[in-house]
Amino acid sequence: MTVSLKQELINIVGAEYVFDSFEDLYCYTYDASFSKTDLKDMPGIVVYPGSTQEVSQLMTLANEKKIPVIPRGAGSNVSGGTTSVGHCIVLVLTRMDKILKLDKENMVAIVEPGVITGKLQQQVQAIGLFYPPDPASLNFSTMGGNVAECAGGPRGVKYGVTRDYVLGLEVVLPTGEIIDTGSSTMKNVTGYNLTQLFTGSEGTLGVITKIIVKLIPLPPAKKTILTVYDSVEKAAKSVSQIMAFGIVPTTLEFLDNVYIRNIEEYAKVGFPMDAEAVLLIEVDGEPEALDKQINAIKNICQEEGAVQVRVAKTPQEAEELWNARRAAFASVARVKPTIIGEDATVPRTEIPAMIKRIREIAAKYQVLIAVVGHAGDGNLHATFLCDERDLEEMERIEKAIEEVFVAALDLNGVLSGEHGIGKLKAKFLEQQVGKQGLQLMKNIKQTLDPNNILNPGVMFGE
């Protein structure tokens, strides 16, 4: 970056919030994804704005000078949506971290984009309310990032994902204008739904600077059950049978043997090491209804061939099981140094077929693919365990990943259930949405961002 541009940025946010040393810049060439970057992708400068007005001034300046801008929160994105491009401005929004309003009577919260998701949940629960979206990164990911990616999580089966709670946004457009979408009301059908347009847009259409989310009553009780299987197929069939019975669990998680063994060695919570699959299921609601739900789930799972059914006896035991589940990706990092977690999603009834296809693909390319997922909503994380230093293995991995996406689409599924498209899946997007659908998305991008400065390369690969 030129000296004059740096000074202009300093004039906007202050010298203490502008960084351009090699060490600082290199940190923004990567995020939590497998997206590959090199020194040509080094940003020109990193800026931490502290207000909507500062973001607006920064975007106006960048648009006039046609400088790419990469909005970023905690960098927990796993589809390559927050990595830098050469000579860009990285716009880090973590300074804007205030919970502006917790409105118990209207059951809404208004927050800045840098608020940590888990922190919001804690403060909401303290007043007896509930913000359900629970990405695995909730203890460090930001609300702005969650909205930009439309983050999901285990509770999605019952409560949905981030978009189901976003009522309104304040957004700075790529050209610097500030707009407000939606409202704090529960009903609003005025005009186009711009709130949903920006939710899940992956930082390509605008910079989110304020978020209004809906809250719901906190469920008074919950119970957790672990069911164990000697066959992946029996576990997968149990998932569809539970849902068909009319029970909607809070969470319904699937783990295969690779995950089971590594989680148990890592966390030691009593997972049976020889099991082929387990389901970890939680129900919530009124206390008197929980035993009925748990008993029905037990009966269904036993009928489908579960060899062991274990109901957590205490909240502490349940929390140990869920902490173990949250440690899933960390646990398999001991198997291979490179972990690539995809999130192709299929209809629940197609889970057995999708798992079968994943196993066939793994055998075809002689690669290790572990499977964990939010099975209650069909969101399976095919996890490729590999070593990026082995170039021949990585060629097989890339072919296997492509076939997993093809398999999901063949089964009427989608490329992503919660991680987004980013840079890593951009080349596959047309396969799902078609040429006309892709062109329409590009037209929207062109209208809002005529100079293509905001997150270039994300979603569209350009």
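**Strands, then helices**

Reply: Start with an open sheet of four strands, ordered β1-β2-β4-β3 with mixed pairing. It's a predicted model, so local features need pLDDT of at least 70 and side-chain atom pairs count only at pLDDT 80 or more, while totals for chains, interfaces and linings use all residues. Residues are numbered from 1 along each chain as its sequence is written, and side-chain values use heavy atoms, with hydrogens and water left out.

Strands here are DSSP runs of E with at least two residues, helices are runs of H or I with at least four, both numbered from the N terminus; two strands pair if DSSP finds at least two bridges between them. At the edges of the sheet sit β1 (18–19) and β3 (69–72), each pairing on one side only. β3 runs parallel to β4 (residues 89–92), with four bridges between them, and Ile-70 has Val-90 in β4 as its bridge partner. Across β2 (45–47), β3 and β4 lies helix α3 (residues 52–65), running at about 165° to β4. Axes are lines fitted to C-alpha atoms, for helices over the stretch in contact (heavy atoms within 4.5 Å), and angles run from 0 to 180 degrees between N-to-C directions.

Now for β18 (residues 379–386), where eight of eight residues are buried, meaning under 20% relative accessible area with a 1.4 Å probe, protein chains only. Asn-379, His-381, Thr-383 and Leu-385 point one way, Leu-380, Ala-382, Phe-384 and Cys-386 the other. β18 runs antiparallel to β16 (residues 338–341), through four bridges, with Ile-339 partnered by Leu-385. β17 (residues 368–374) is also antiparallel to β18, with seven bridges; His-374 stands opposite Asn-379. In the hairpin of β17 and β18 there are four residues between the strands, and Gly-378 takes a positive phi near 75°.

Over to the helices: α8 (residues 232–245) and α13 (residues 351–365) pack at about 150°, axes 8 Å apart. That makes α8 roughly antiparallel to α13 (the label for angles over 145 degrees). Val-232, Ala-236, Lys-237 and Val-239 of α8 meet Ile-351, Pro-352, Ile-355 and Arg-359 of α13. Six of these residues are nonpolar, none polar and two charged; Ala, Val, Leu, Ile, Met, Phe, Trp, Tyr, Cys and Pro count as nonpolar, Asp, Glu, Lys and Arg as charged, and the others, Gly among them, as polar.

Technical notes:
Parallel < 35°, antiparallel > 145°, perpendicular 65-115°, else oblique. Buried < 20%, exposed > 50% of the residue type's maximum accessible area, 1.4 Å probe, protein only.
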